[in-house]
Amino acid sequence: MKTLLTPNRPDALWSRRDLHRAALAAALAPWVTLGVQAQSAPPRWQVNPFSLGVASGQPQPGSVVLWTRLHIDEADAARQTSGAPVVCELFADEALRQPLRQWRLNTDARRGHSLHVLADGLQPGRHYWYRFASGNAVSPVGRTRTSPALSEAVRRLRLGLASCQHYEQGHFAAHRDMAAQDLDLVLFVGDYIYESSNKQFKIRAHESGMPFTLDAYRARHAHYKSDPDLQACHAAHPWLMTWDDHEVVNDYANDLDRNFTDPAVFLQRRAAAYQAYFEHMPLRLGPDPQQPSQMRIHDRMAWGTLADLWTLDCRQHRDHQACPDLMRGGGRVVMGCDALADPARSMLGQAQEQWLTAGLTQSQRRWKLLAQSTLMASSGIQTPLGRSAFTDGWDGYPQARARLLQTVADARLSDVVLLGGDVHANVAAQLRVQPGDERSPVVASELVTTSVSTRGMSPKVMVHIQRDNPDIRHARSDERGYTLIDIRPERLEAQFLTTPHPAQPNARLALQGRWTVQQGVAGVVPGS
């Protein structure tokens with residue numbers, strides 16, 4: 001039996017781009033094709049290879065991706081090169097008494113012994129349970145769900161918005177809390193791993209130094225996946241994901257890192273990071289086989305007639321940061337940088353901008369949710385030398401931000417909400433084509449989640465940012481956690497759930513603030 005991958009889109013019309021995506025899916029068949037008959041006898045494992053847990057993601061009305069990766073201990077070292085037979089089972093009930101499907105596969109060392117099963121032919125809008133087995137080893141059981149039928153008048157979508165989980169700087173209490181919530185999805189918007197370390201803020205340690213190679217990135221992902229709270233959250237809910245910079249290296253932009261490494265050399269590192277990322281995530285497509293430093297992460301998902309949700313890529317296709325410091329690249333705070341006014345500069349890249357514009361202007365669903373990695377609202381500070389701009393964020397790409405928001409305004413789109421992370425702070429903001437100008441109407445709303453564990457900026461700096469940016473209605477950087485978002489036809493409500501920094505092993509999360517977006521009215525208002 002063979003699975004055919006179809007483009008991940010809510011309508012049935014195929015464009016030339018869709019055909020290219022289908023061809024890419026076929027080229028990646030060794031990554032995701034089911035039904036490969038195991039050729040060897042069931043192994044007898046000395047150490048359970050399912051120590052990284054299970055996960056599911058990218059739900060569609062009739063399918064979902066199921067994931068695991070065998071983490072092979074030295075006691076079973078012979079399997080490192082030969083691979084191992086694995087069975088994936090899907091059930092209709094939590095008690096696992098109603099089996100539905102079974103896939104037989106072999107792992108492959110070239111793919112890090114990761115497995116991506118496209119479970120298709122499923123019913124829309126319902127839960128399923130799954131597990132993996134290999135010889136005498138059995139994985140934990142995961143719960144997943146498909147998205148509703150495209151035409152279903154859905155009354156609710158509940159998602160957990162999370163980002164920025166530095167293993168060394170705190171525990172993953174946010175994931176433990178999300179695992180216990182009744183969520184439809186977890187939406188993770190970047191910095192799943194950190195490549196870097198900082199002794200000043202370390203409360204637990206990475207397993208090794210900074211990664212540069214595929215094996216090193218694999219080890220870093222495996223170390224994060226060993227966290228029981230993160231495993232529990234993956235097993236409890238399907239995930240949608242995009243990335244930011246630390247999945248590769250801090251502040252990289254397209255083919256350039258902060259050290260101005262030769263792009264050909266840096267792209268080899270990026271290829272290693274992208275492959276390791278795919279090997280550890282429940283994703284349909286991995287790196288381009290012909291250009292392994294490229295990997296499509298941006299996508300679009302419909303939730304019945306209630307919402308369209310885009311996941312955007314703010315790293316791979318962007319222009320380099322403007323006005324760089326020639327001694328150290330990446331983002332920095334600047335004043336008087338003329339390059340910021342260049343209309344040709346893009347955060348998303350022209351192709352992704354055009355794809356998003358077409359999707360936004362054609363969407364007929366109530367809510368338009370744009371999930372991307374950082375803060376879109378302007379956050380500069382007035383100084384004696386002028387207004388500051390941080391060049392790694394949207395303030396460093398102001399013309400691209402204006403183009404996107406002008407599209408919203410020109411198309412008279414209502415109920416557009418930006419969902420972000422990166423800045424290690426909870427933020428609720430209004431979005432205007434001209435930030436901070438009351439003559440420019442509010443056209444969209446923004447909610448940014450604080451970090452799962454990574455330290456935030458000084459609260460004193462946050463006070464200055466909010467003072468000089470009245471469009472930012474709420475901003476706090478002193479606590480860690482996630483954002484619970486409850487979407488109904490008449491309103492969207494966000495609860496900032498947090499714990500003091502650093503997040504402790506047994507931390508309990510409390511409500512920091514509640515913000516609401518009313519249907520048909522752009523902008524955030526305090527919730528009741």
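Mentor: Let's take the cores, then the ring pairs, then charges over rings. Keep in mind that this is a predicted model.

Trainee: Which residues touch the most other members in the largest nonpolar core?

Mentor: Y192, W239, V248, Y277, M295 and Y482, out of 40 residues in that core. The elements giving two or more residues include α4, α5, α6 and β23.

Trainee: And which element gives the most to this core?

Mentor: Helix α7, with 7 residues.

Trainee: What is V248 in contact with, leaving aside neighbours within four places in sequence?

Mentor: E195, Y217, F266, R269, R270, A273 and Y274. There is also a second, separate core of 34 residues. C314, L356, L413 and A444 are among its members.

Trainee: Switching to rings. How many aromatic pairs are in the whole structure?

Mentor: The search finds 10. Take F188 and Y192: their ring centres are 5.4 Å apart and their planes are at 70 degrees, so they pair edge-to-face.

Trainee: Is F188 buried or exposed?

Mentor: Buried, at 0% relative accessible area. Y192 is buried too, also at 0%.

Trainee: Why does the W243 and Y274 pair count as stacked?

Mentor: The planes are at 15 degrees, and under 30 counts as stacked. The centres are 4.2 Å apart. W243 is in the loop between β11 and α7, while Y274 is in α7, so the pair ties together parts 31 residues apart in sequence.

Trainee: Last topic. Where do the charged ends of K225 and R296 sit?

Mentor: K225 sits over the ring of W67, 5.0 Å from its centre. R296 sits over the ring of W355, at 5.5 Å from the centre.

Conventions: Residues are numbered from 1 along each chain as its sequence is written. This is a predicted model: local features need pLDDT of at least 70, side-chain atom pairs count only at pLDDT 80 or more; totals for chains, interfaces and linings use all residues. Side-chain values use heavy atoms; hydrogens and water are left out. A nonpolar core is a set of buried Ala, Val, Leu, Ile, Met, Phe, Trp, Tyr and Cys residues joined through side-chain atoms within 4.5 Å. Buried means under 20% relative accessible area, exposed over 50%, partly exposed in between (1.4 Å probe, protein chains only). Helices (H or I, at least four residues) and strands (E, at least two) are DSSP runs, numbered from the N terminus. Contact means heavy atoms within 4.5 Å. Rings of Phe, Tyr and Trp (its six-membered ring) pair if their centres lie within 6.5 Å; planes under 30 degrees apart count as stacked, over 60 as edge-to-face and the rest as tilted. A charge sits over a ring if NZ of Lys or CZ of Arg is within 6 Å of the ring centre and within 35 degrees of the ring normal.
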